[in-house]
Amino acid sequence: MRDLNRVLLFFDGKMKQFLFLFLLIHSVHAEAQQSNPLLDWVKANEYGQLRTCIDTLQKEIHTAHKQQRYQLESSYLQKLSHLFLTRVKNFDKTMGCIEQIKQLADKTGNQEFLIDYYNQLGVTYYYEQLDMPKSFEYFKKALDLSKKLKIEKNISRTLSNYGLAYLEKENHETALSYFRQAIASYKKEYNKEGTMEFYSNMGVAFIYAEKYDSATYYLDKSLLRAKETPGLDDDAERL
């Protein structure tokens, strides 16, 4: 399980922000036609890491389903759909994972899986720029159901997804408002600081808004959360 956690963390949370920031900085400062050894290394090594992530997730999904550990299965399906969406760029496989989450909801009658289903659809629609109003429609369904069931962790996650969608629309202030709400909701549930991902999202939003002091502040908070969270040692080093 520890190996699985390390595999998942490579493409989860802050690592994707690290790669984004590295590539952004490279595109701004590097000469367009020059080869960059570090960039070449990232490209060369990402495929191997990605293949390992996908293979491991697929095995764990099968095991979780066989053991009827459906919460775990849904969690892994969400991670796998995210990889297919953002790394492999395979829409059909992304939707296949999302439909499996819907099947879990239908099979178990657990409405929390519907929240997972709506959130993943919303993320897919905004990421693929398919239909932003449809994306917000799915997030609203997820948020309404989360509030009805009084599940704060899903409220904060959905609020964060709203923020990411607005960030995609380059509406930085609205994105930041949703990220702040996500952190407040998380604190309400767990009585502690928000997750590493929430703060890294804030940091990236401030970068887009060209408020670099604020960006540094929240990325530092994200780094601190990574260092303080068991099992995130490698991720903290990458930050």
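Among the contacts in the chain with a separation of 6 or more, 56% join residues 24 or more positions apart. The model is a predicted one, and its chain holds 12 helices and zero strands. Of the 239 residues, 46% are buried. The chain exposes about 12900 Å², of which carbon and sulfur atoms supply 50%.

In soluble globular proteins, nonpolar side chains tend to be buried together. Here the largest nonpolar core counts 31 residues, and those touching the most other members are Tyr 126, Phe 136, Phe 139, Tyr 162 and Met 202. Two or more residues of this core come from each of α6 (111-127), α7 (132-149), α8 (152-168), α9 (172-190), α10 (196-208) and α11. Beyond its neighbours within four places in sequence, Met 202 contacts Leu 176, Phe 179, Arg 180, Ile 183 and Tyr 218.

Tyr 218 leads on to helix α11, where it is one of the buried residues. This helix spans residues 212-228, and its 17 residues reach 24 Å from first C-alpha to last, close to the 24 Å expected at 1.5 Å a residue. Buried along α11 are Ala 215, Tyr 218, Leu 219, Ser 222, Arg 225 and Ala 226. These residues lie on the same side of α11, because they cover an arc of only 110° around the axis. An α-helix has 3.6 residues a turn, so residues three or four places apart point the same way. On the face of α11 turned away from the buried side sit the exposed residues Asp 213 and Lys 227.

Note on methods:
Residues are numbered from 1 along each chain as its sequence is written. This is a predicted model: local features need pLDDT of at least 70, side-chain atom pairs count only at pLDDT 80 or more; totals for chains, interfaces and linings use all residues. Side-chain values use heavy atoms; hydrogens and water are left out. Helices (H or I, at least four residues) and strands (E, at least two) are DSSP runs, numbered from the N terminus. The expected span of a helix is 1.5 Å times one less than its number of residues. Buried means under 20% relative accessible area, exposed over 50%, partly exposed in between (1.4 Å probe, protein chains only). The arc is that of the directions from the helix axis to the C-beta atoms. A nonpolar core is a set of buried Ala, Val, Leu, Ile, Met, Phe, Trp, Tyr and Cys residues joined through side-chain atoms within 4.5 Å. Contact means heavy atoms within 4.5 Å. Accessible areas come from the Shrake-Rupley method with a 1.4 Å probe; for residues, only the protein chains shown count as cover.
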